[in-house]
Structure formats: structure tokens, C-alpha cells
Amino acid sequence: KNVQAVQPHMAKCFDGIRKLDFGDEPKSIDIFAMISGEGEKVSLGKNLKARGNVEMWLTLVEQHMLAQLRKLGKEAYRSYHDIARTVWVLDNPAQLVVTVSQIHWVAKLEKCFKQKAPVEALRDFLNDN
């Protein structure tokens, strides 16, 4: 079976995945990463293979995708304040950059609303950001 035959159908199966990276070997069954329509590549971890029925290994792709994005999301959340934003943005998948940035933005806003003078705190927040 040719596992590469699934490539033209990836966009129909998964939002945001244009194709899978099977490596350089044309007959490889190892799946290394997912690639978005924009060309962003995200690793799917180790030991993911396209074996058996296509429905079965595509389910494994989905499971690895969720696990990897959860792991990368936690790392992105933790490192948000530790490195320069310009570096942080380029080091993380775009979807996670947007999500984690929004989480931190909302946390800062909530902190402003809890202040004794929330309007002033919001003005300061606006001026700082």
C-alpha cells in the first residue's frame, strides 16, 4: 500500500493540515510531522507509523497531534515571560502563539479589573501595551 496516497485528502480530513511529513524515503511509513497550508511544520513525536487500515493510523495521527499540541502549548505558556517576544513567537506554532498570547492578555486585564482603581489600571495597561 502507498501511504502517500492520503496526502491529497489531508485538508479534507483535518483542518489546518495540508500534508504529513513521511521523511525523505518515498516508501516510508514513519510519520514525523504535520505541515499546515502555510508551510508551518509541527513534529508529531516519535514512533508514529502508517500501518494497517488508513482509518486506524489517521486516528493515531489525530491522537499524536492533540498530545503534541497540548505539550507544546504548556511549554509556550511557561516560556511566555522568559524569552524575548520576538524569539518566542518564532519558536512556537502560530496557533499556540495566538492562544497563549490571549490567555496572558486576559489574565492581565482581569488583574486590572481587580484593582481599586480599575479605570486607571486599564489606562496604564493600554499605555504599556
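This is a predicted model: local features need pLDDT of at least 70, side-chain atom pairs count only at pLDDT 80 or more; totals for chains, interfaces and linings use all residues.
Student: Why is H2 called oblique to H4?
Tutor: Helix H2 (residues 54–79) and helix H4 (residues 94–113) pack at about 45 degrees, with their axes 10 Å apart. Angles under 35 degrees count as roughly parallel and 65 to 115 as roughly perpendicular, so H2 is oblique to H4. The crossing of the two helices, H2 and H4, is right-handed.

Student: Which residues of H2 and H4 meet?
Tutor: On the H2 side they are Leu69, Leu72, Gly73, Ala76 and Tyr77, and on the H4 side Gln95, Leu96, Val100, Ile103 and His104. By class, the residues of this contact divide into 7 nonpolar, 3 polar and no charged. Gly counts as polar, so Gly73 of H2 belongs with the polar residues.

Student: Why do E1 and E3 stand at the edges?
Tutor: The open sheet has 3 strands in the order E1-E2-E3, paired antiparallel. Strand E1 (19–21) and strand E3 (41–43) each have a single partner strand, so one side of each is left without a neighbour in the sheet. Neighbouring strands of this sheet are turned by 25 degrees against each other on average, direction ignored.

Student: How does H2 run relative to E3?
Tutor: H2 lies across E1, E2 and E3, at about 95 degrees to E3.

Methods
Residues are numbered from 1 along each chain as its sequence is written. Side-chain values use heavy atoms; hydrogens and water are left out. Axes are lines fitted to C-alpha atoms, for helices over the stretch in contact, and angles run from 0 to 180 degrees between N-to-C directions. Helices (H or I, at least four residues) and strands (E, at least two) are DSSP runs, numbered from the N terminus. Angles under 35 degrees count as roughly parallel, over 145 as roughly antiparallel, 65 to 115 as roughly perpendicular and the rest as oblique. A crossing is left-handed if the near helix is turned anticlockwise from the far one by less than a right angle, and right-handed if clockwise. Contact means heavy atoms within 4.5 Å. Two strands pair if DSSP finds at least two bridges between them.
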